[in-house]
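These are my notebook entries on one structure.

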Amino acid sequence: MKNQNLYNYILGIADNSLILGQRMGELTGHGPSLETDIACTNISLDLFGQVRSYYQYAAKIAGDKRTEDDIAMLRKEREYVNVLLVEQPNTDFAYTIARQFLFDVYHFMFLTELQKSRDVTLSAIATKSIKEVSYHQRFSSDWIKRLGDGTEKSKSKIQNAIDSLWTYTDELFHQVEADKVMVGENIGVDVTQLKDNYYQRVNAILTEAMLEVPESKWFQKGGKEGVHTEHLGYLLSDLQYMQRAYPNMDW
């Protein structure tokens, strides 16, 4: 492949949205209210729309006759390079919102910088996607505040979710080789420079929501190298079923 690093870099961005989109899609018909159900489904659709653009570009770079569907659906678990945060299950609505919030703050900051990329395709995708992600961030942030400053039960549930998912946040700012190369070529985003601002923004929302900021300094990582939690395998079995059961089918 002519530009393996660019290909890998695109997967590192796209896989996050693919896996989170699948998680949010699992909520269709299961939201706590009709309005929230539709909102979560729309977030899922937004993320899938974004990954189509990324995977189409990745397929073009690969130049080996694979399609966007092949790249999205037919890789093995260790070939996905999403962060561990987005593959965590929908334990309850609080976990769903906490996971979305912790990723949305990062995602918005990341796309803001990706718009400056020297790669015009990535820049264009970021410019289009950031409008949707701005809404995602507002939606999840508002729910953090509602649950945190709500009833004793809602406050307890969202605090537990934040405490549990906090361990996966540091990986957002971990760089693999493709990240470093793309940053050096002014194509990629130096996520290490986003870390301090990210935690400042997250902490401000948590404080406003009357929640405690976790003090844990122990973090998990591995997703960006293809080492995942047990949850991804089950997710992929659902995501890939139709494509593997009926190869090359026409939709």
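**Entry 1**

I began with Ile-144 and listed its contacts (heavy atoms within 4.5 Å), leaving out residues up to four places away in sequence. Ile-144 touches Ile-97, Ala-98, Phe-101, Ile-158, Ile-162, Ile-205, Leu-206, Ala-209 and Leu-211.

I note that this is a predicted model, in which local features need pLDDT of at least 70, side-chain atom pairs count only at pLDDT 80 or more, and totals for chains, interfaces and linings use all residues. Residues are numbered from 1 along each chain as its sequence is written, and side-chain values use heavy atoms, with hydrogens and water left out.

Buried means under 20% relative accessible area, exposed over 50%, and partly exposed in between (1.4 Å probe, protein chains only). This core has 79 residues, and Leu-114, Ile-144 and Tyr-198 touch the most other members. Helix 5 gives the most to the core, with 13 residues. In soluble globular proteins, nonpolar side chains tend to be buried together.

**Entry 2: helix 5 with helix 7**

I took helices as DSSP runs (H or I, at least four residues), numbered from the N terminus. Axes are lines fitted to C-alpha atoms over the stretch in contact, and angles run from 0 to 180 degrees between N-to-C directions. Helix 5 (residues 93-114) packs on helix 7 (residues 152-165) at an angle of about 50°, and their axes are 8 Å apart. The two helices are therefore oblique to each other; angles under 35 degrees count as roughly parallel, over 145 as roughly antiparallel, 65 to 115 as roughly perpendicular and the rest as oblique. On the helix 5 side the contact includes Ile-97, Ala-98 and Phe-101, and on the helix 7 side it includes Ile-158 and Ile-162. I sorted the contact residues by class and found ten nonpolar, two polar and two charged. Here Ala, Val, Leu, Ile, Met, Phe, Trp, Tyr, Cys and Pro count as nonpolar, Asp, Glu, Lys and Arg as charged, and the others, Gly among them, as polar.

**Entry 3: helix 9 and its partners**

I next examined helix 5 against helix 9, which pack at about 135° with axes 10 Å apart. This pair is therefore oblique. Among the contact residues are Phe-101 and Val-105 of helix 5, and Tyr-198 and Ile-205 of helix 9. The contact divides into ten nonpolar residues, one polar and one charged.

Helix 6 (residues 120-148) also meets helix 9, the axes coming within 8 Å and crossing at roughly 35°. Ser-141, Ile-144 and Lys-145 of helix 6 face Ile-205, Leu-206 and Glu-208 of helix 9 in this contact. Its classes are three nonpolar, one polar and two charged.

**Entry 4: single residues**

I located Phe-48 in helix 2 (residues 34-62). Phe-48 is partly exposed, at 24% relative accessible area. Its C-alpha lies 6.0 Å from that of Leu-18, 30 residues away in sequence.

Which phi did I find for Lys-65? Lys-65 has phi near 75°, positive in a residue other than glycine. Lys-65 sits in the loop between helix 2 and helix 3 (68-73) and is exposed at 82%. Asn-186, also not a glycine, has a positive phi of about 60°. Asn-186 belongs to the loop between helix 8 (177-184) and helix 9 (195-208) and is exposed at 53%.

Note on methods. A nonpolar core is a set of buried Ala, Val, Leu, Ile, Met, Phe, Trp, Tyr and Cys residues joined through side-chain atoms within 4.5 Å.
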